[in-house]
Amino acid sequence: MSSQLALAVRDSSTMLRRNLLHARRYPSLTLNLLLTPVMLLLLFVYVFGGAMSGGLGRSAYVTYLVPGILMMTIGSTVIGTAVSMATDMTEGIVARFRTMAIHRGSVLFGRVAGSVLQSVASVVLVGAVGVAIGFRSHDASALEWLAAFGLLVLVALALTWIAVGMGLGSPSAEAASNAAMPLILLPMISSAFVPLHSMPGWFQPIAQYQPFTPAIETLRGLLLGTHIGNNWWIALLWCAALTVLGYRWSRAQFDRDPK
Amino acid sequence: MTGLAIAANGLRKSYGDKTVLNGVDLAVPTGTVFALLGPNGAGKTTAVKILSTLIRPDAGQVSVGGHDLATAPQKVRAAIGVTGQFSAVDGLITGTENMLLMADLHHLPKAEGHRVAADLLARFDLTEAAGKPASTYSGGMKRRLDIAMTLVGNPRIIFLDEPTTGLDPRSRHGMWQIIRQLVADGTTVFLTTQYLEEADELADRIAVLHDGVIAAEGTAEELKRLVPGGHVRLRFTDPAAYRSAAAALAEAARDDDALALSVPSDGSQRALRSVLDRLDGAGVEADELTVHTPDLDDVFFALTGAPAVPAQPTATDTAAKAPAEENAR
Ligand SMILES: Nc1ncnc2c1ncn2[C@@H]1O[C@H](COP(=O)(O)OP(=O)(O)OP(=O)(O)O)[C@@H](O)[C@H]1O
Ligand SMILES: [Mg+2]
């Protein structure tokens, strides 16, 4: 059993190295995915900011926006994960891996580890843009920063597994990119840009309980000291559920005979 | 041990209601080269995919390297190397990186991995291109890298699905050389090919897959004995000479379009002289004369029922019909 674990770790880290090599060799793929969140951040702050912020003032609105934009950055990064997973499956290299005596899940584990690392790097880059245009945390303690980081990693893990499942289920890179679209659209209808109470009443429950809003509200609470309430455990529940679901779905698809 | 590297019994596989393999039996002795022939769509790739653990058969028992495919697929995988019909290289990374990826997955120590990678790249004439992304390689270079990757880890049994398709003649001979060398080292090779000459050159035993079953199996010599003897082919440029020759050699098969006759013959001196004498008697001289002894092509066509000149008659038919329809309107 422990030798199985050693095999899993060893082969998964080989697969991770391969994925990181891809990311390093073709950084434009990763950076392109960051364009959407960064553009939206700048657009909302400098163009729509006056109308959207409800008289908050620019720097307060930047501060309100950044946590949501960071969550959206993860959604955007994992679209790339779905696309590269689908690309991998259409090429022969994964068929080769399947005929080798390597740990069966390592192709997926390596991909997931790479995608989580990439999400963290992306969040740091976009976060830096946020700080550059005026984002400041409100006296967050070291523990709160750590919790914020942990939350971002958990969200990245959950969305990555879902994206991997989407990639495995798509016949082509284009199909994977379309299938993963909701991961960047969902934040648009969350509390990322405007507070829930400013939305139409019938829509509020949808926005409130979809996966992004509780995660964004928890992140805001940790960094800005706003009220977290029950958001933290709803967020964790979503993360756990999506991770388990995405993992099961991915494994089932990967273990099926290839077409 | 049975002395068999690959043993398959009653292998079946269908896709939907299309039966691809309908009870295939295979026996490949350790250390030999086995060639699987068959027309496009016969199921060669399907057979390789099953034997190499990529897909599961619907029925049948398979043991590879002494391990049961159904109960010990990981042990089978540890014994084999596979080069599929379609490229299985990572195009985004370089040739060397592809090789090192294989070395890592075979858990070779770092230094040994680098040595094996460099050796194999050199053996497959890829040293110069080793630092370039594999997506920039030509088809033949990708194919060579593909096979080099398969050899990392020194597998005892190797599956090669059309290993030389797309290679130029020099690379093809190089590949044959490498396959012979592998066999000399005791490796078992299971290959599929469209080039019957290749099977003739390399394989100890050849099987022809047709309609989901093995239509014939044996050495190249054994298979050649299955088809009727060869023929003498005569070609003319003058239609009149062609007609007189056809009259003199009534048993010949005629190809009126090409002005060519094909006279059944065992290729012996006596048979040849008789043909020439009869041509002299008719006062005609052929512009070209070739003697055909039966080769694997004949075996292949005889067993799989594929016509020597496929599709041509239908093409002329439709061409001839089209103007007639025009007139009818
Ligand atoms: N995943 C699949 N789904 C449905 N049909 C399939 C699938 N894979 C193969 N087939 C069918 O099975 C038959 C055998 O295919 P296979 O690729 O094994 O032939 P082959 O002998 O390798 O042909 P070729 O010489 O063209 O490579 C074909 O008719 C093909 O259409
Ligand atoms: Mg094939």
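# Questions on a predicted two-chain model with a ligand

User: What accessible area do M181(A), L185(A), M188(A), I189(A), W202(A) and I206(A) have together in their nonpolar surface patch?
Analyst: A patch takes residues with over 30% relative accessible area and no salt bridge, joining like charges within 9 Å and nonpolar side chains (Val, Leu, Ile, Met, Phe, Trp, Tyr) within 5 Å. Accessible areas come from the Shrake-Rupley method with a 1.4 Å probe, and for residues only the protein chains shown count as cover. A salt bridge is a side-chain nitrogen of Lys or Arg within 4 Å of a carboxyl oxygen of Asp or Glu. Together the six residues of this patch have about 590 Å².

User: What pLDDT do local features need in this predicted model?
Analyst: Residues are numbered from 1 along each chain as its sequence is written, while chains are lettered from A and ligands numbered from 1 in the order in which they are written. Side-chain values use heavy atoms, with hydrogens and water left out; in this predicted model totals for chains, interfaces and linings use all residues, side-chain atom pairs count only at pLDDT 80 or more, and local features need a pLDDT of at least 70.

User: Which chains share the site of ligand 1?
Analyst: A residue is near a molecule or strand if one of its heavy atoms lies within 4 Å of it. Of the 15 residues around ligand 1, K18(B), G41(B), K44(B), T45(B) and T46(B) come nearest. The site is shared between chains, because the residues that surround ligand 1 come from chains A and B.

User: Which element supplies the largest share of the shell around ligand 1?
Analyst: By class, the shell has four nonpolar, seven polar and four charged residues. Here Ala, Val, Leu, Ile, Met, Phe, Trp, Tyr, Cys and Pro count as nonpolar, Asp, Glu, Lys and Arg as charged, and the others, Gly among them, as polar. In chain B, β2 (18-29) and α1 (44-51) each give at least two residues. The largest share, three residues, comes from α1(B).

User: What percentage of the accessible area of ligand 1 does the protein cover?
Analyst: A polar contact is a pair of N or O atoms within 3.5 Å; within protein, one must be able to donate a hydrogen and the other to accept it, and residues adjacent in sequence count only if both atoms are side-chain atoms. Oxygen atoms of ligand 1 lie 2.9 Å from a backbone N or O atom of G43(B) and 2.9 Å from a side-chain N or O atom of Q85(B). A polar side-chain atom of Q194(B) lies 2.8 Å from an oxygen atom of ligand 1. Ligand 1 has 640 Å² of accessible area on its own, and the protein covers 68%.

User: Which residue of chain B meets R18(A) in a salt bridge?
Analyst: Over all chains, the structure holds 18 salt bridges. This pair crosses between chains, from helix α1 (residues 2-25) of chain A to the loop between β6 (80-83) and α3 of chain B. With 2.6 Å from N to O, the partner of R18(A) is D90(B).

User: Which four residues form a network of salt bridges?
Analyst: Side chains of opposite charge can pair when their charged atoms come close. Such pairs are linked here in a network of R18(A), D88(A), R111(A) and D90(B).

User: What is the relative accessibility of D146(B)?
Analyst: The side chains of D146(B) and R96(A) meet in a salt bridge of 2.4 Å, N to O. R96(A) lies in helix α5 (residues 93-98) of chain A and D146(B) in helix α5 (residues 139-151) of chain B, so the pair joins two chains. R96(A) is buried at a relative accessible area of 4%. D146(B) also counts as buried, at 0%.

User: Phi of D211(B) is near what value?
Analyst: Most residues other than glycine have a negative phi. D211(B) is found in the loop between β9 (205-210) and β10 (213-218) of chain B, and is exposed, with a relative accessible area of 64%. Its phi is positive, near 55 degrees.

Technical notes: Helix = DSSP H or I, 4+ residues; strand = E, 2+ residues; numbered from the N terminus. Buried < 20%, exposed > 50% of the residue type's maximum accessible area, 1.4 Å probe, protein only.
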